[in-house]
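Q: I would like to learn how to read a model of this kind, feature by feature. Could we begin with the general ideas and then turn to the case at hand?

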Amino acid sequence: FFGSRSTVTERNPVFSTINADDIAQFKEILGEKYVIQDEERLLAANTDWMRKYKGSSKLLLQPRSTAEVSQILKYCNSRCLAVVPQGGNTGLVGGSVPVFDEVSGVLVCEAGCILENLVSFLDNQGFIMPLDLGAKGSCQIGGNVSTNAGGLRFVRYGSLHGNVLGRRVWADTFRDGSLELSRIPLETMAIVAHFVSVSKRTSSMSVHVGSLEAVLANGTVLDMLGTLRKDNTGYDLKHLFIGSEGSLGIVTKISILAPPKLSSVNLAFLACKDYVSCQNLLLEAKRKLGEILSAFEFLDGNSMDLANVLILGTNIYVHASREKLEAFLLRSMEGGLISDGVLAQDMNQALSFWRIREGVPEALMKAGAVYKYDLSLPVEKMYDLVEAMRIRLGPAAEVIGYGHLGDGNLHLNISLPEYNDNVLAQIEPFVYEWTSKHRGSISAEHGLGLMKANKIHYSRSPESMASVTKWNQLNREELPLGASEEVFMVEKKIILS
Ligand code: AKG
């Protein structure tokens, strides 16, 4: 425990403990340099981003290839050593080299590639990543796939199930869009709507294909990398690895089809007087701008205050005009859906709007302790939970609601000066019961991890859980990674205990 606020999971006695022979074996496979026992580095790897969960792993391994991952897992399996795959924010192997085919638009890369590097790489080639999230500067694509990260472009490009593994086809009809509104949106609710448009084009067709390579616990390398649009030869096994959080194997390579870069991107930052107006605006945006809408985010007044006070100075002005969006937004303003708003005039301004939205989680971390919930709920019910929680907790904590309105995904954050078990008892299980009652999901995009591993029953029926358990039992000999018992992160680093 870090004080009373973090969680440590008990070690499962089924697993062996590491001995000197094991360490020698790992050094043999990886070389001395990549077998790490240094306390400080282990502490960093054993601690999650929120500094809430703490593992007690004794060894950090840094494999640089699929073959090394395979050898390590095979050995660990034979010795029954617990394995936690981990990724994100370490530069461990000096960066993976992406390979890109411009004609097919297929990017093939190693799991350790940092998302932002892929975004810039593709941008230089005239393409975009279908995935974007606030943590892009440090998260790794292998981790994104293993956790099925959602992010900001979900409303347009869908989940990684569609982007990485599926053979998803989408048709877009692009239109020009314009808007000119010119004041600072600082009312109770703000919405970021991200519009993309391709001038003078009426339609375009893109295809998402892709797949991955993963290593099973017994060291078997499952090569599912491919670039075919169609392959209907039985089960689509690759899907199992997306969102499995490392429990079935370690993702080592990914191929993903990148859509071509659009010739213009427009970002509007809008204020609505209440949540009902936000919902109605979303509905209108889907009706009128559906084919050019690439993100529809929302943050409430408390989120705005937090982001502005603790991280940013707000200084948003706009002079730009784009006809279609302007028409839509003016209509929405006349109809009372929008009370204020601005349209980014250039990329820098657009980035500054995004920084407000993406800055909220960081601002929350700086504000003190935070309890985080990532929920899928019917859009019309979503904000009721925020309000119910405010009433429930009173002045004991600040309740903040923001997230991906276009996807029905609420990030409910409860901020207070320090972690407090009495407050926590007011929040849980209430938040899970409320979500379950409204047939929501207790994890929209963040995954289960340690925090929600034993809360899954709020979102899954006993029958579906039983069938997964049964499936796992049947496949125990073949697919047991089964060791995610400590810090749960992803890819490219392997921690052993
Ligand atoms: C987001 O900002 O979209 C996230 O997924 C982070 C949410 C959170 O920190 O609660």
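A: A residue is called buried if 20 or more other C-beta atoms lie within 10 Å of its own, exposed if 12 or fewer do, and partly exposed in between, with the C-beta atoms placed from the backbone. By that rule, buried residues make up 45% of the 497 residues in the chain. This is a predicted model, in which local features need pLDDT of at least 70 and side-chain atom pairs count only at pLDDT 80 or more, while totals for chains, interfaces and linings use all residues. Residues are numbered from 1 along each chain as its sequence is written.

Q: How many helices and strands does the secondary structure of the chain come to?

A: Helices (H or I, at least four residues) and strands (E, at least two) are DSSP runs, numbered from the N terminus. In this chain they come to 16 helices and 18 strands. As for contacts, two residues are in contact if their C-beta atoms, placed from the backbone, lie within 7 Å. Among the contacts in the chain with a separation of 6 or more, 79% are accounted for by residues 24 or more positions apart.

Q: How should I read the pairing of strands, and which strands are joined to S16?

A: Two strands pair if DSSP finds at least two bridges between them. Strand S13 (residues 293–300) is joined to S16 by 2 bridges, the two running antiparallel, and here Leu-299 stands opposite Tyr-402 in S16. Strand S17 (residues 409–416) is also antiparallel to S16, with 7 bridges joining them, and Asn-409 in S17 is the bridge partner of His-404. The hairpin of S16 and S17 has 4 residues between the strands, and there Gly-408 takes a positive phi near 65°. S16 itself (residues 398–404) is mostly covered, since 7 of its 7 residues are buried.

Q: In a regular strand, where do the side chains point?

A: In a regular strand the side chains alternate between the two faces of the sheet. Another strand to examine is S12 (residues 264–272), which is mostly covered, with 7 of its 9 residues buried. It is joined by 4 bridges to strand S14 (residues 340–343), which runs antiparallel to S12, and Asp-340 in S14 is the bridge partner of Ala-271.

Q: How do I read the burial pattern of a helix, and which residues of H4 are buried?

A: One looks down the helix axis and takes the arc of the directions from that axis to the C-beta atoms. In H4 (residues 115–125) the buried residues are Leu-115, Leu-118 and Leu-122. These fall within an arc of 60° when seen down the axis of H4, so they line one face of the helix. They pack against strand S5 (106–110) and helix H5 (141–146), and just after H4, Gly-126 takes a positive phi of about 85°.

Q: What span does H11 reach from its first C-alpha to its last, and which of its residues are buried?

A: The expected span of a helix is 1.5 Å times one less than its number of residues. H11, with 12 residues, reaches 16 Å from its first C-alpha to its last, close to the 16 Å expected at 1.5 Å a residue. Its buried residues are Leu-325, Phe-328, Leu-329 and Ser-332. They cover an arc of only 90° around the axis, which puts them on the same side of H11. The face turned away from that buried side carries the exposed residues Glu-323 and Glu-334. Glu-326, which is also found in H11 (residues 323–334), counts as partly exposed because it has 19 C-beta neighbours inside 10 Å.

Q: Which backbone values deserve a second look?

A: Most residues other than glycine have a negative phi, and most peptide bonds are trans. Asn-148, in the loop between H5 and helix H6 (154–157), has a positive phi near 50°, and Asn-148 counts as buried because it has 20 C-beta neighbours inside 10 Å. Arg-439, in the loop between H15 and helix H16 (462–474), has a positive phi near 55°, and with 11 C-beta neighbours inside 10 Å Arg-439 counts as exposed. A cis peptide bond, with omega about 10°, joins Glu-428 and Pro-429.
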